[in-house]
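Me: I would like to go through a protein structure with you. Could we take it one topic at a time?

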Amino acid sequence: MRTVPLEIVTPDRLVYKDDVNMVIARGGDGDLGVLRGHMPLMTTLKPGIVRIKKNNAEEQFVVTSGFMDVTPERVVILADTAESPQEIDVDRARAAKERAEKRLAGKDDSVDVERAKKALERAELRLKAALQKNKAI
């Protein structure tokens, strides 16, 4: 199967670089799959799990937001943050989820509700990816 070079980059580091068969991500207008030769595309990325298919294996990365730049010859994901399931600290993600849930359940007017919702979404994504990885082991 033909491959396409993929890079996942955050402001801090190059997270992933390899030739892959397919990239599946949650774009601004919905989920999309990208193969080599895809028409040029620039899209925002919603918080989600980027799935990478290579040979008969799949890797995942939790991406909070960013952009995906696709040309027929390559794919570049510029993400605010990106983590593999192996990098996720499950205890820390659970604590972040509980904090966000408490903030949203409280009656404190000083709580930034949108920020708490985003924190909850990030924590749930991180937990989902980490727990899926543990099931696969």
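Predicted model: local features only at pLDDT ≥ 70, side-chain atom pairs only at ≥ 80, totals over all residues.

Me: Let's start with strands. How do E6 and E7 pair, and over how many bridges?
Reply: Strand E6 covers residues 48–54 and strand E7 covers residues 57–63. They pair in the antiparallel sense, over seven bridges. One of the pairs of bridge partners is Lys54 with Ala57, the latter in E7.

Me: What do E6 and E7 form together?
Reply: They form a hairpin, with two residues between the strands. Asn55 sits in that turn, and its phi is positive, at about 55°. Asn55 has this positive phi although it is not a glycine.

Me: Is Asn55 buried or exposed?
Reply: Asn55 is exposed, because its relative accessible area is 62%, and exposed means over 50%.

Me: Which side chain has a polar atom 2.4 Å from the backbone nitrogen of Asn55?
Reply: That is the side chain of Asn21. Asn21 lies in the loop between strand E2 (14–20) and strand E3 (22–27).

Me: New topic: charges. How many salt bridges are there?
Reply: The count comes to nine salt bridges.

Me: Which residue does Arg126 pair with?
Reply: Arg126 forms a salt bridge with Glu83, and their closest N and O atoms are 2.7 Å apart. This pair links distant parts of the chain, 43 residues apart: Arg126 belongs to helix H2 (residues 113–136), and Glu83 to strand E10 (residues 82–83).

Me: Are those two buried or exposed?
Reply: Arg126 and Glu83 are both buried.

Me: And what does Arg51 pair with?
Reply: Arg51 forms a salt bridge with Glu58, with 3.0 Å between the closest N and O atoms. Arg51 is partly exposed, at a relative accessible area of 29%. Glu58 is partly exposed as well, at 37%.

Me: What about Asp31 and Arg26, where do their side chains meet?
Reply: The side chains of Asp31 and Arg26 meet in a salt bridge, with 3.0 Å from N to O. Asp31 counts as exposed because its relative accessibility is 55%, and the cut-off for exposed is over 50%. Arg26 is partly exposed, with a relative accessible area of 41%.

Me: Now the surface. Which residues form a nonpolar patch?
Reply: Met42, Phe67 and Leu78 form a nonpolar patch on the surface, and together they have about 320 Å² of accessible area.

Me: Where is Phe67, then?
Reply: Phe67 is in strand E8, which covers residues 66–71. Phe67 is partly exposed, with a relative accessible area of 45%.

Me: Last one. What does UniProt place at residues 87–130?
Reply: An unreviewed UniProt entry gives the feature "domain: ATP synthase epsilon subunit C-terminal" for residues 87–130. In the model, this span is 77% helix and 0% strand. Its end C-alpha atoms lie 8 Å apart.

Technical notes:
Residues numbered from 1 in each chain as written. Heavy atoms only, no water. Patch = residues over 30% accessible without salt bridge, like charges linked within 9 Å, V, L, I, M, F, W, Y side chains within 5 Å. Areas by Shrake-Rupley, 256 points an atom, 1.4 Å probe, with all protein chains shown as cover. Salt bridge = Lys/Arg side-chain N within 4 Å of Asp/Glu carboxyl O. Helix = DSSP H or I, 4+ residues; strand = E, 2+ residues; numbered from the N terminus. Buried < 20%, exposed > 50% of the residue type's maximum accessible area, 1.4 Å probe, protein only. UniProt positions renumbered as here; feature names shortened; annotations may be inferred. Pairing = 2+ DSSP bridges. Polar contact = N/O pair within 3.5 Å; in protein donor to acceptor, adjacent residues only side chain to side chain.
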